Structure formats: C-alpha cells, structure tokens
Amino acid sequence: CVRGNTVHLATLVSAHCARPATGVTGAPEGKVLETVGVFEAPKQQGKYETGQLFLHSVFGYRGIVLFPWYARLYDRDVIPATESKPTEPPGAHRSKEVKGKTHTYYQVLIDTRDCPHISQRSQTEAVTFLANHDDSRALYAIPGLDYVSHEDILPYNSTDQVPIQHELFERFLQFNASKVPPFIPRDTLQAWQEKNHPWLELSDVHRETTENIRVTVIPFYMGMRWRYCIRLENMGEEVVQLRERHWRIFSLSGTLETVRGRGVVGREPVLSEEQPAFQYSSHVSLQAPSGHMWGSYRLERPNGTFFDVRIPPFSLESKKDDTPNGFLHWEV
C-alpha cells in the first residue's frame with residue numbers, strides 16, 4: 001500500500017496489495033501499518049543493479065535484485081504495422097516467425113514474510129536445480145527465488161540494514177552505506193551464480209494474449225530436462241477461472257504427445273482485477289535433445305461459457321551435446 005511517496009505494508013498482510021494503491025484509507029482491524037521505505041522513480045532506461053529493493057507490481061511482495069539476465073522476448077502481440085494478425089483456432093501451432101527483442105529480467109529473492117500471502121498466486125519454490133549435474137532425476141528447490149521482468153519492478157529504498165528476510169540475504173549481500181543501492185554482492189553470490197548458471201539462465205521468453213488473457217512462458221534447460229515457468233494474467237475486467245490445460249509436446253526423435261488435464265499444478269486459479277495473475281512452474285523431459293511445446297488453456301466465464309487461450313509455442317533446445325537416456329516424461 002502507498003501513502004504519499006512512502007511505502008507502507010501491513011505486518012501480516014503485506015502482500016495483499018497486488019496492485020499499488022494511490023492512498024490508504026485505513027488498516028484492517030487489528031493490523032498495524034509499518035513504514036518499509038520510500039519509492040524511487042522506476043527506470044525507463046537501463047537496468048537495476050544488484051541490491052535494488054523493490055515491490056512486485058503484480059504479486060505485491062517485497063524483494064531484492066540479485067543479478068540481471070538478458071533474454072529474447074518473442075511477443076506475438078506485437079506484429080509489424082504492414083501485417084495483419086492471422087486468425088487461427090485456439091491451440092494452433094503457428095509456423096510464422098516472430099522476431100525476438102532484448103528484454104531484461106532479474107533473479108531476485110522474495111521476502112519470506114510475504115511468501116504465505118502470494119502462495120495462492122505464485123509458487124515460491126518454482127526455481128529448481130539439479131542436485132547432481134549428471135542426474136536429471138534429482139531436483140531440489142530453494143524457496144523464495146523468482147524471475148522478475150523489468151516492468152514489474154517498483155523500486156524503493158530503505159534505511160534498514162536487513163530489509164529483506166531470507167536465509168540467503170546475508171550470505172549473498174552485505175550492507176555498504178557508501179554504495180547506491182547500499183547492498184553489494186558477496187563473493188558467495190558470484191560463486192553461486194557461476195555454479196548454477198546452466199540451470200538459472202533464461203534466454204527466451206514467449207508471450208501471447210487471447211481475449212485479454214496474457215500467457216508468458218519462460219523455458220529453462222537443465223540437462224536432459226527442461227523447466228518452464230508460466231504466468232497467466234488477466235488484462236481485462238471480467239473474472240475468469242482456469243479449468244483445463246491441453247499440451248502438445250514434439251520431440252525431434254519423432255514423437256508427438258498430447259496431454260490434457262484439469263487445472264495446472266493441482267489448482268484451478270481465478271483471475272480477477274484484484275488477483276489478476278497466477279504463476280507456476282513444471283518440467284518436461286524429451287527422448288531427444290530438442291523439441292518444442294505448444295497448447296491452450298480452457299477458461300470459464302461467470303456465465304458458465306468457456307473459451308480457449310493459446311499457449312505460445314516455445315522451443316526446448318539443449319545447450320550442449322547431451323544425449324538423454326530416458327523416455328518422454330512430463331509433469332505439465
């Protein structure tokens with residue numbers, strides 16, 4: 001929540017303000033607002049540095065930037081002025097080439113105090129790693145990591161020397177009053193990034209909007225396995241609920257699999273103006289080192305009618321000459 005130019009968050013409902021308000025009329029009964037920091041002007045150009053504090057503009061949590069990534073954004077909503085948008089049935093796999101544009105994303109830490117309040121909208125253990133780089137079956141996750149697009153960051157500053165509560169905060173960052181921002185990386189942060197770089201790095205981001213529902217997909221190569229993060233965002237005013245998913249998974253070994261099911265990751269999220277977005281991650285393994293995926297989500301309107309939303313096609317490309325020894329496997 002915002003009062004004037006100062007950021008205020010309720011101690012127990014700090015992440016409930018999914019979109020910044022222009023003022024505060026009163027705190028919930030029994031809750032006390034505390035000052036967190038002072039907003040800074042968002043950067044229109046350039047990037048945020050390691051140690052930048054921010055509020056997430058959609059999910060509302062407090063976080064801090066660890067380091068940036070530079071990705072190619074393939075936005076199917078942006079087409080040349082000389083072309084018209086093709087009409088296709090939902091779920092169709094377009095062969096039309098979409099040009100990528102460089103875009104900045106950030107690896108961030110989420111304040112653990114805010115994790116309970118966003119757990120219904122965003123997985124806080126979605127960033128997974130290989131426990132053994134030679135074994136794609138053993139995965140582990142560090143809670144409270146996220147990838148954040150540049151436009152989702154609402155920067156602020158704080159006089160608190162430990163403004164973010166996370167087990168890795170003081171291992172990765174240290175306070176230095178002479179720096180701006182005043183939190184600088186420790187050697188352990190650089191070592192952690194270098195060690196896990198193959199599983200952390202994002203290179204491509206795919207985005208497409210159907211009937212005011214925007215789907216963003218970020219695939220990650222993990223060595224014989226891929227992780228992908230998906231965000232669904234309601235850009236309109238009508239409340240909708242995700243009911244089904246329909247995936248098609250093609251492997252260069254020649255297999256084409258179809259997967260249908262209820263909801264995603266065991267949930268059927270509602271997307272509204274107050275809670276506009278839902279974000280989750282899953283994994284897939286192929287019988288070949290490369291392939292691609294596409295599909296659709298089926299959503300329900302309040303009047304009981306359904307409509308399909310396209311999942312933009314995205315490639316699953318190995319970064320090195322790995323030869324998977326397993327069969328096609330998915331958790332989509």
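## Terms and model

A residue is called buried when its relative accessible area is under 20%, exposed when that area is over 50%, and partly exposed in between, using a 1.4 Å probe and the protein chains only. This is a predicted model, in which local features need pLDDT of at least 70 and side-chain atom pairs count only at pLDDT 80 or more, while totals for chains, interfaces and linings use all residues. Residues are numbered from 1 along each chain as its sequence is written, and side-chain values use heavy atoms, with hydrogens and water left out.

## Overall make-up

The protein contains three helices and 22 strands. These elements are DSSP runs numbered from the N terminus: helices are H or I with at least four residues, strands are E with at least two. Of the 332 residues in the protein, 52% are buried.

A contact means heavy atoms within 4.5 Å. Among contacts between residues at least 6 apart in sequence, 69% join residues at least 24 apart. The protein exposes about 15,800 Å², and 48% of that area is supplied by carbon and sulfur atoms. Such areas come from the Shrake-Rupley method with a 1.4 Å probe, and for residues only the protein chains shown count as cover.

## Salt bridges

A salt bridge is a side-chain nitrogen of Lys or Arg within 4 Å of a carboxyl oxygen of Asp or Glu. The whole structure has 16 of them. One joins the side chains of Lys47 and Glu49, at 3.3 Å from N to O. Lys47 counts as partly exposed because its relative accessibility is 27%, and Glu49 is also partly exposed, at 41%.

Arg301 takes part in a salt bridge with Glu211, at 2.7 Å from N to O. Arg301 lies in the loop between β20 (290–300) and β21 (306–317) and Glu211 in the loop between β13 (204–210) and β14 (213–221), so this pair ties together parts that are 90 residues apart in sequence. Glu211 is partly exposed, with 49% relative accessibility.

Arg301 also forms a salt bridge with Glu238, where the closest N and O atoms are 3.6 Å apart. Glu238 sits in the loop between β15 and β16 (240–251), so its pairing with Arg301 links parts 63 residues apart in sequence. Glu238 is partly exposed too, at 40%. Elsewhere, salt bridges that share partners join Asp152, Arg214, Arg231 and Glu233 into one network.

## A buried aspartate

Asp111 is found in the loop between β6 (101–110) and α1 (115–118). Is this residue buried or exposed? Asp111 is buried, because its relative accessible area is 0%.

Leaving aside residues up to four places away in sequence, Asp111 touches Arg62, Pro163, Ile164 and Gln165. Arg62 is 49 residues from Asp111 along the chain, yet their C-alpha atoms are separated by 5.5 Å.

## The second largest cavity

A cavity is a set of points on a 1 Å grid over the protein atoms alone where a 1.4 Å probe fits but cannot get out, and its lining residues have an atom within 4 Å of a point. Grid points are joined across faces, edges and corners, and the volume is the space filled by probe spheres set on the points. The search finds two cavities of 30 Å³ or more.

The largest share, three residues, comes from β9. The lining has six nonpolar, two polar and two charged residues. Here Ala, Val, Leu, Ile, Met, Phe, Trp, Tyr, Cys and Pro count as nonpolar, Asp, Glu, Lys and Arg as charged, and the others, Gly among them, as polar.

Notes:
1 Å grid on protein atoms, 1.4 Å probe; cavity = no way out; pocket = protein on both sides within 12 Å on 5 of 7 lines; lining within 4 Å.
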